[in-house]
Structure formats: structure tokens, C-alpha cells
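Subject: Structure for you, with notes on its pockets

Hi,

Here is the structure I promised to send over. My notes on its pockets follow below it.

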Amino acid sequence: MRKFLWIASALLILASCNQQTEKTGYVNNTKVVSDFNEMKVAQEKWTKKNNEVRTELEEKAKQFQIEVQGYQTIMKSMTKANREKKEQELMTKQQELQREQQAKMQEIQQGSQTEIDSIINKVKDFIKDYGKKNGYTYIYGDTEVSNILYGKEELDLTEEIVKALNGTDSVSESKE
């Protein structure tokens, strides 16, 4: 009986030694994406483009207002038919300006969203490859909704991933 217990204990110890431990980590997704240099460049680019378009549209709106004010100063001296014709022209111009504004803002929004989505996919793919290369079973993502309520600090890979993404640190052996 004693020999049986000893053998069972030895087998149990061997089995537990042979079990592979799972390596896990987590990243703050928002921080990784926002600290990624490529994201910063994209945000600057689209902010600049947005400001340029707004400036252009504001200038057109000022020109339109000048035209409206010019009309208002001479409208009393115009015939009713000419007033109606000019008012129709001004309304048409105003609608064109509004359509142009909507189209350009939509173009900027779609362009920036497409680029941001591409960057987010690039980050996801990078983290996936990083996990494979460094032997991780799981790398969890923490987002604004805080799906990770607690994690040991040594399992936080956020800064390591940001450095690797930005090329400031080679993808080195990760934390064990």
C-alpha cells in the first residue's frame, strides 16, 4: 500500500511538472493606439486638413455674406422681378455652399475613419504577432469600458508594445 501511494505521488508530481504554464499579459488598447506614432501623424494630418477646409469654407461664407449685404443695400432700388431673381440666386448659392460644406466634412470624416481603422487593425496584428513570437497564450485588451478590473503590473505589456510598435525597442524577450 505504501509503495502504491509513493508511486501515485511520484506520478502526480511528474504530471504537474510536465504541465505547461500559460503565459498571459494585457495591454491598454486606448493607450497603445494613441501613443502609436503612426496614429499621432494621422491625427495631425486630418486635423490640419479639417482646419484647411474650414478656413476655405469660412472664406466662401464671408464672400457670400458680403454679396448678401451688397444686395440688401440696393434691393429697395430694384424692381420686384429683379429682387426675386437675385433672392433666388442667393438662395441657390447658399444651398450650394451648404452642400459643399457637408460633402467636404463627410469626405474628411470618412478618410480619417478609414485611416484610423487601418491603424487599429495594424496594432491588433502587431500584438497578435508579438504574442506568438514571445510565447503568450493570451494577451488581453483593456479598453475604456475596463474589461480588466485587475491585473498584476508585471503582466501589463502596454509600454513594451508601444515601444516595439514605434520601433524604439526591438521586440525582445518579454516578461515572464
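A word on terms first: a pocket here is an open set of grid points with protein on both sides within 12 Å along at least five of seven lines, and its volume is the space filled by probe spheres set on those points. Please keep in mind that this is a predicted model.

Let's start with the largest pocket, which has a volume of about 230 Å³. Its lining is made up of Arg 54, Leu 57, Glu 58, Lys 60, Ala 61, Phe 64, Gln 65, Gln 94, Leu 97, Gln 98, Gln 101 and Met 105. Two elements give two or more residues to this lining: helix 3 (37–74) and helix 4 (80–133). Which of them gives the most? That is helix 3, with seven residues. Sorted by class, the lining has five nonpolar, four polar and three charged residues.

Now for the second largest pocket, which holds about 170 Å³ of space. Around it you will find Asn 29, Thr 30, Val 33, Ile 120, Val 123, Lys 124, Ile 127, Thr 143 and Glu 144.

Best wishes

How values were computed: Residues numbered from 1 in each chain as written. Predicted model: local features only at pLDDT ≥ 70, side-chain atom pairs only at ≥ 80, totals over all residues. Heavy atoms only, no water. 1 Å grid on protein atoms, 1.4 Å probe; cavity = no way out; pocket = protein on both sides within 12 Å on 5 of 7 lines; lining within 4 Å. Helix = DSSP H or I, 4+ residues; strand = E, 2+ residues; numbered from the N terminus. Nonpolar A, V, L, I, M, F, W, Y, C, P; charged D, E, K, R; others polar.
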